[in-house]
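This report goes through a protein model for a reader who has not seen it before. Please look over the sequence and the structure before reading on.

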Amino acid sequence: MKIAVGGDSAGEGLAQQIVAHLRTRGIDAVDLSRSTDSEDELYSELSERVGHAILSGQYERGILCCGTGIGVAISANKIPGIRAAQAHDTYSAERAALSNNAHIITLGARVVGTELAKTIVDTFLAKQFDPKSASARNVDGIDALDRKYSPNSCK
């Protein structure tokens with residue numbers, strides 16, 4: 001499994017710890033936090049970089065970190081074809097995968113401690129969406145909205 005991880009200036013430290021954690025578990029995790037040496041890169045730029053890396057097939061899933069997890073979630077969800085879910089507990093991470101077929105979970109470095117973040121990430125990555133599940137119709141509906149409002153979607 002290949003995982004793209006990234007953090008803005010507030011979330012970069014947590015992103016680095018998540019990458020190290022995933023590598024100890026034998027997961028190919030890559031830190032895409034910065035494209036430049038600038039401290040003031042926008043989290044929309046970070047979200048776009050990680051989102052496109054997933055849509056291109058280079059990575060299977062992503063983890064984005066900012067101060068609260070909110071900004072990167074909003075930004076990632078603006079990318080046609082991406083489903084990102086903010087997760088601050090293991091149940092939300094599980095449901096992001098199982099019920100919503102999320103490509104990305106987002107975490108708040110100022111909200112979630114490092115050890116909990118690792119457990120949240122492990123939970124998310126351990127679950128796979130079942131296209132025959134009761135949630136499949138909802139995911140299809142989300143994708144239909146994506147196509148409706150993003151006619152030039154990457155899908």
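Is Q16 buried, partly exposed or exposed? Q16 is partly exposed, because its relative accessible area is 41%; buried means under 20% relative accessible area, exposed over 50%, and partly exposed in between, with a 1.4 Å probe and protein chains only.

## Basis of the model

The model is predicted: local features need pLDDT of at least 70, side-chain atom pairs count only at pLDDT 80 or more, and totals for chains, interfaces and linings use all residues. Residues are numbered from 1 along each chain as its sequence is written, and side-chain values use heavy atoms, with hydrogens and water left out.

Q16 lies in helix α1. Helices (H or I, at least four residues) and strands (E, at least two) are DSSP runs, numbered from the N terminus. The C-alpha atom of Q16 is separated by 8.6 Å from that of S33, 17 residues apart along the chain.

Helix α1 covers residues 12-24 and packs against helix α5, residues 114-126, at an angle of about 55°, with the axes 10 Å apart. Axes are lines fitted to C-alpha atoms, for helices over the stretch in contact, and angles run from 0 to 180 degrees between N-to-C directions. α1 and α5 are therefore oblique to each other; angles under 35 degrees count as roughly parallel, over 145 as roughly antiparallel, 65 to 115 as roughly perpendicular, and the rest as oblique. Their crossing is right-handed, a term for a near helix turned clockwise from the far one by less than a right angle, with anticlockwise giving left-handed.

On the α1 side the contact holds L14, Q17, I18, H21 and L22, which meet T114, A117, K118, V121, D122 and L125 of α5. Contact means heavy atoms within 4.5 Å. By class, six residues in this contact are nonpolar, three polar and two charged. Ala, Val, Leu, Ile, Met, Phe, Trp, Tyr, Cys and Pro count as nonpolar, Asp, Glu, Lys and Arg as charged, and the others, Gly among them, as polar.

## Helix α4 and helix α5

How do α4 and α5 lie, roughly parallel or roughly perpendicular to each other? The axis of helix α4 (residues 90-98) comes within 8 Å of that of α5, and the two cross at roughly 25°. α4 and α5 are therefore roughly parallel, and α4 passes α5 in a right-handed crossing.

T90, A93, E94, A96 and A97 of α4 meet T119, I120, T123 and F124 of α5. This contact divides into five nonpolar residues, three polar and one charged.

## Two loop residues

N101 sits in the loop between α4 and β5 (104-108). Its phi is near 50°, a positive value in a residue other than glycine. Most residues other than glycine have a negative phi. N101 is partly exposed, at a relative accessible area of 25%.

K132 is in the loop between α5 and α6 (136-149). With a relative accessible area of 77%, K132 is exposed. K132 and A73 are 59 residues apart in sequence, and their C-alpha atoms are 26 Å apart in space.

## Cysteines

How many disulfides does a search of the whole structure find? The search finds zero, where a disulfide is a pair of cysteine sulfur atoms within 2.5 Å. The sulfur of C66 has its closest cysteine sulfur in C65, 8.1 Å away, which is too far for a bond. C65 counts as buried, at 0% relative accessibility, and C66 also counts as buried, at 2%.
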